[in-house]
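The sequence and structure come first.

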Amino acid sequence: MPSDTSANGRFPPDFVWGAATSSFQIEGAAEVDGKGLSIWDVFCRREGTIADGSNGDVACDHYHRFGDDIALMSDLGLGAYRFSVAWPRVLPSGVGPVNQAGLDFYDQLVDALLDAGITPTPTLYHWDLPQALDETGGWLARDTAHAFADYAEIVATRLGDRIGTWMTLNEPFVSAHHGYETGEHAPGHTSMLEALTASHHLLLAHGLALERIRSLAPAVEVGVVLNFTPADPDTDSEADRSAAERVNDIENRWYADALTGRGYPEATGDYYGWNRDEIREGDMAIVSRPIDLLGINYYTRHVISAVEGHEPSREGGLTEMGWEIHPASLGRLLRWLHERYAFARYLITENGCAMPDTRRTADGRVDDQDRIDFYRAHLAEVASAIGAGVPVEGYYAWSLMDNFEWAHGHEKRFGLVEVDYDTLERTPKRSALWYRELIESGGLPEDRSEA
């Protein structure tokens, strides 16, 4: 990584500029061309699970409109596009016969991206587990990890001649803890011990899939995407510091420690009464096979108080998700990751914000200066970290377009591109034009907030 990048907001000439999405959030076509049900298809149909009562049946209809969406990406100057493959579109039951129509879709998507000069960066799992596998235990079952490895091999065999970088999982913390501890995500369980079981099987799945992909094409790069939410104590009290340490263990060290051969944070596992029965001989060696790069998703930080019901103090403003805007924590995170783990390379695979999107320019475009300010401040931290020697090689804005935001439905909008959910018309927001200027110049555009 070149070392001439610093806090002046300039980026290396080979820096990768992209945007990201996920299959369930944009594809729609929920039961089209042989696709099976996912846990999210089923979860959305339960009363009260989705804030606005919506679902992903249509979403942005990317399945039928991907050509137009790639034209949008090209117009924005994107060099790369991170998307996810829907497991139940390829294997409707999670195992067994392959749905060729599903593979054909991703085959066409990859070819169209390459024809447009955009590098495809697929993630094999972004939370849409086949419902049939959930019915046999989901991520609580060890067999699911082996099924994932089989699925990864099928997809990599079909697409691998055109893919240089694979990501196995997206945010295993969210899959495990929002799906099995808090119940706010599919499959909607509420057990901390189940979440810890799921966390191990997810990482085992990653390690097994990594081995399969490398056996097919040793030269390709394989990584995993982790979300990080740094936790700071609200005060310097022992109780607040201990509570923040537990949160950091679960959210920021649990997966990265295991991936680098440190095992799971022992004290925190003991705190929650985890007996570790899921871990078999040889598992941790599989989990800790070296990755080529780490994907980093960052949105906010936590401020932790041990006092029940107390609202911790926060420095920054809030996004529409109620998340504090705290760019400095991204810079701190990047330095900490490299000091502690020294991964060979990093990509910022998600960073972005949901904003009100109520202001309009004279021509009717969403005037999201607040989103531009968010991106500018966070990218300044990335530039500074690169200047300090952290090998960050690319940045994927979340998200390319407004989409189905999981339990929030269509109420929260993260997109650079506005989607009218009645007509499905796409319109670049002011932030999209700003991002295009950034990509063209290779450095942060001047602040024109008063223009």
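## A right-handed unit

This is a predicted model. E9, helix H14 and E10 form a β-α-β unit, and the unit is right-handed. The helix in it, H14, spans residues 369-387.

Strand E9 (residues 346-350) runs parallel to E10, with two bridges between them. Within that pairing, Tyr-346 sits opposite Val-392 of E10.

## Strand E10 and its other partner

E10 covers residues 392-398. Strand E1, residues 16-20, pairs with E10 as well. This pairing is parallel and has five bridges. Gly-18 faces Tyr-396 in E10 across it.

How many of the seven residues of E10 are buried? Six are, so the strand is largely enclosed by the rest of the structure.

## The largest core

The largest nonpolar core holds 123 residues. Six residues have the most contacts inside it: Trp-40, Trp-87, Trp-139, Phe-148, Leu-294 and Tyr-435. Helix H9, residues 192-216, is the top contributor to this core, giving twelve residues.

Which residues does Phe-148 touch, leaving aside those up to four places away in sequence? Its contacts are Trp-87, Leu-124, Tyr-125, Trp-139, Thr-168, Leu-169, Ala-205 and Ala-209.

## A second core

A separate core has twelve residues. Among them are Ala-80, Tyr-396, Trp-398 and Phe-414. Tyr-396 is the E10 residue that stands opposite Gly-18.

How values were computed: Residues are numbered from 1 along each chain as its sequence is written. This is a predicted model: local features need pLDDT of at least 70, side-chain atom pairs count only at pLDDT 80 or more; totals for chains, interfaces and linings use all residues. Side-chain values use heavy atoms; hydrogens and water are left out. A nonpolar core is a set of buried Ala, Val, Leu, Ile, Met, Phe, Trp, Tyr and Cys residues joined through side-chain atoms within 4.5 Å. Buried means under 20% relative accessible area, exposed over 50%, partly exposed in between (1.4 Å probe, protein chains only). Helices (H or I, at least four residues) and strands (E, at least two) are DSSP runs, numbered from the N terminus. Contact means heavy atoms within 4.5 Å. Two strands pair if DSSP finds at least two bridges between them. A crossover is right-handed if, with the strands pointing away from the viewer, the path from the first strand over the helix to the second runs clockwise.
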